[in-house]
Amino acid sequence: MLVIVPAWNEQESVGPTVREILGVHPEVDVLVVDDGSGDATAERAEAAGARVARLPFNLGVGGAMRTGYRHAVREGYDVAVQIDADGQHDPRFLPSLIAELDHADICIGVRFAKPDDPYTVRGPRRWAMYLLAKVLSRLAGTRLTDVTSGFRACNRRAMKVFAEHYPAEYLGDTVESLVIATRVGCTITQVPIDMRRRTAGTASASPVRAALFLFRAVVALGLALVRKWPANFDEGVVGEAGPLPLDVA
Amino acid sequence: MNSATVLGLAAAVIVVITLFEMLRRHRLREKYALIWFVLAMGSLTVAVFPALLFGLADLLNVQVPSNLVFFIASLLLLAMSLQHSFEIGKLEERTRTLAEEVALLRLDADATAPGRMTAPNAAEPTDRSVE
């Protein structure tokens, strides 16, 4: 099993996160994907016992995750788990996620699944998450309550999909990747987890940013739904030899 | 020769000379030069034979022929900037893929040569300055 931890300028939290994962599950391999950090993220992660893949510049979570999944596929891991480096995901929930992989390809660790959850959001951000959850639930044919969670486990089948297609755009890393997975026939399930509060920084607290989040969520979701998958970027739409589209005008 | 003809001719000639120089200095790939060359030739033709433009405007029921020129020109420019956006997107996707592969190759290199474990860190400052 491989645990992938995407990290960008997380030098304070990446060490404890890795140590905690290895402390609870000494048998797993931890790969920290350093997403072009300017600080000591890579060194701290290495010191904590993780292997570190260093991206030459910042690609966003999508790029970091695709790197991780490519590594997982090539090295022949059966299960890949993704955990955020900021320490908000408790690795003790790992076995319950992995247990779900018996009857699903992807398992998301979600908050909001329990009524007494301390983590609450309000306003446009809440509507956005509700909308995303509704649409994704419909696509996946199962009830999903929080699709933006960065805590997920996948089997080899889903891993191969993510190694090929893991969008780099904003929200693409969580929402669109799930849409892609359902499109190619992967099954998704969820388990409730307790999400710890972030140690530093809050997720888009101001109303303006929350509204922006809603807007971007709708755009990302809309695009994900109408796009053709699997995509083939390298071939391009017109191909290498294709001249400029004169006929457009 | 009226002034409009001279202006059109001058613009077309400048574009063609610039294209030729850029191609000669390997600053431009043929596939991009072709479209600009075609456009330059088109505007040259219209400059020399304005009757073509008037005829076309008449055919399309455009009352002011110059408006037809603006319309076609803006459509062409739109098409070309769209094409460039597409090309940039493709390049970004490739750069991203390369960056990911580089990270994995460095990971492999570190694994196969454990003595180098600390070397990438030492090389870090030079790497960053290149970016």
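Residues are numbered from 1 along each chain as its sequence is written, and chains are lettered from A, with ligands numbered from 1, in the order in which they are written. Since the model is predicted, local features need pLDDT of at least 70 and side-chain atom pairs count only at pLDDT 80 or more, while totals for chains, interfaces and linings use all residues.

Q: How many helices and strands does chain A have?
A: Helices (H or I, at least four residues) and strands (E, at least two) are DSSP runs, numbered from the N terminus. For chain A the tally is 8 helices and 7 strands.

Q: Which pattern does chain B follow along the sequence?
A: Chain B has 0 strands and 5 helices. Read along the sequence, that gives α-α-α-α-α.

Q: What percentage of the residues in chain B is buried?
A: Buried takes 20 or more other C-beta atoms within 10 Å of a residue's own, exposed takes 12 or fewer, and partly exposed is in between, with C-beta atoms placed from the backbone. In chain A, buried residues come to 47% of 249. In chain B, with its 131 residues, the figure is 8%.

Q: What share of the contacts in chain B with a separation of 6 or more joins residues 24 or more positions apart?
A: Two residues are in contact if their C-beta atoms, placed from the backbone, lie within 7 Å. For chain A, looking at contacts between residues at least 6 apart in sequence, 74% join residues at least 24 apart. For chain B the share is 40%.

Q: How far does helix 1 of chain B reach from its first C-alpha to its last?
A: This helix covers residues 3-24, so to speak 22 residues in all.

Q: Which residue with a positive phi follows helix 1 of chain B?
A: The phi in question is near 60 degrees. The residue is B:His26.

Q: Are helix 5 and helix 8 of chain A roughly parallel or roughly antiparallel to each other?
A: Axes are lines fitted to C-alpha atoms, for helices over the stretch in contact, and angles run from 0 to 180 degrees between N-to-C directions. Helix 5 (residues 123-140) and helix 8 (residues 207-226) of chain A pack at about 20 degrees, with axes 7 Å apart. Under 35 degrees counts as roughly parallel, over 145 as roughly antiparallel, 65 to 115 as roughly perpendicular and the rest as oblique. So helix 5 and helix 8 of chain A are roughly parallel.

Q: How many nonpolar residues are in the contact of helix 5 with helix 8 of chain A?
A: Among the residues that meet are A:Trp127, A:Leu131 and A:Val135 in helix 5, and A:Phe213, A:Leu214 and A:Leu221 in helix 8. Ala, Val, Leu, Ile, Met, Phe, Trp, Tyr, Cys and Pro count as nonpolar, Asp, Glu, Lys and Arg as charged, and the others, Gly among them, as polar. Alongside 1 polar and 1 charged residue, the nonpolar count is 13.

Q: How many charged residues does the contact of helix 3 of chain A with helix 4 of chain B have?
A: Residues on the chain A side include A:Arg66 and A:Arg70, and those on the chain B side include B:Arg96 and B:Glu100. By class, there are 4 nonpolar and 3 polar residues, and the charged ones number 4.

Q: Is A:Asn9 buried, partly exposed or exposed?
A: A:Asn9 sits in the loop between strand 1 (2-7) and helix 1 (11-24) of chain A. Phi there is positive, near 50 degrees, in a residue other than glycine. A:Asn9 has 16 C-beta neighbours inside 10 Å, so it counts as partly exposed.

Q: Is B:Asn61 buried or exposed?
A: B:Asn61 has a positive phi too, near 60 degrees. Its place is the loop between helix 3 (50-59) and helix 4 of chain B. With 6 other C-beta atoms within 10 Å, B:Asn61 is exposed.

Methods: Expected span 1.5 Å × (residues − 1).
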